[in-house]
Amino acid sequence: MASLTLAHISDLHIGPLPVPGLRALLGKRITGFLSWRLKRAAVHRREVLETLAADLAAQRPDHIAVTGDLVNIALGGEFVQARDFLRQLGTGSHVTVVPGNHDAYVAMPWAESTGLWRDYMTGRHAGEGEAERPPRDAEDFPFVRRLGDVALVGVSTAIPTAPFVAAGALGARQLTRLGEVLDALGRERLFRVVLIHHPPFAGGAYKRKSLRDAGAFAEVIRRHGAELVLHGHMHVSSLGRLASPAGPVPVFGVPSASAVAKNHKDPSRYHLYRIRQEANGAWRFSASVRELAADGRGYAPAGEMTFAPDPAAGAGLEPQCA
Ligand SMILES: [Fe+2]
């Protein structure tokens, strides 16, 4: 019987910011830099991330999924800082990353930005068989990672946008490839986990922050299926669902991993998904939440949900209790 514990963190917004040169602040970055100084630096704290990393290590998950926004205004030094924090969490075989809108805050050369995290995005690509490689550029998604009978499918919604816009998009090519890989993995009867930064359903975020092709993504899931979808971006806990051929697919959002215990939307939390396959082949999983304590000194359990196949809705996973 296969089983796997997958941890999910998001929106690290790693600080403090390296001191930017004046040239680097030209354009959109100046608004983000001021927002960091005036507001976000007090919310997204490095010491919270250190506490989270220690708690996560103690929980010993089999794998860690990071759904984007590791940096803030896409300075070169931020990507290096983020790579170093990823190394603190584990090697590329233990941690998987997809980028978020802040990781594409302004257009940057791939090799000097998100490409620095290539070890954490190395996987199979549509139509290329079992060979694994990192994405070649910001559009070379999705990638697929096999963890036994669980498959992680990493997509990118990270696109540079105008000031004050935090929207994302997958694009037609990525959506087509996503359908292909979900089909192939579904034929192998794997537990398919899609990692995406933006909430991938209509109404998941208001327009300025939304996934522009959320409807097309939902259609891909409706046609090709998935077992679980994980996202970040909104800095709050959420549980939605998308339709699939086998019934409803749970869609989880986690708050920002670095958020202080007070004065933000939700405090820092992370999720642990325990996925297991029963002797008859049916998948079950439970989701447990760990939350930063009010004094900021550690994490404690903050809720648990169990999911099991719901015969009334096909084979889709439905919460049994909340
Ligand atoms: Fe975001």
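This report describes a sheet and an iron site in a predicted model.

## Basis of the description

The model is predicted, so local features need pLDDT of at least 70 and side-chain atom pairs count only at pLDDT 80 or more, while totals for chains, interfaces and linings use all residues. Residues are numbered from 1 along each chain as its sequence is written, and side-chain values use heavy atoms, with hydrogens and water left out.

## The sheet

Six strands form an open sheet in the order β4-β5-β6-β7-β9-β8, with mixed pairing. Strands are DSSP runs (E, at least two residues; helices are H or I, at least four), numbered from the N terminus, and two of them pair if DSSP finds at least two bridges between them. Because β4 (143-147) and β8 (238-242) stand at the edges with a single partner strand each, one side of each has no neighbour in the sheet.

Strand β7 (residues 228-231) runs parallel to β9 (residues 249-253), and three bridges join them. Val229 has Val251 in β9 as its bridge partner.

## The iron site

Asp69 (OD), Asn101 (OD1), His197 (NE2) and His233 (ND1) coordinate the iron ion at 2.2 Å. Donors are N, O and S atoms within 2.8 Å of the metal (3.2 Å for Na, K and Ca); water is not among the atoms, so sites may look incomplete. Along the chain, the donors follow the spacing D-x31-N-x95-H-x35-H.

Asn101 lies in the loop between β3 (95-97) and β4, and His233 in the loop between β7 and β8, so the pair ties together parts 132 residues apart in sequence.
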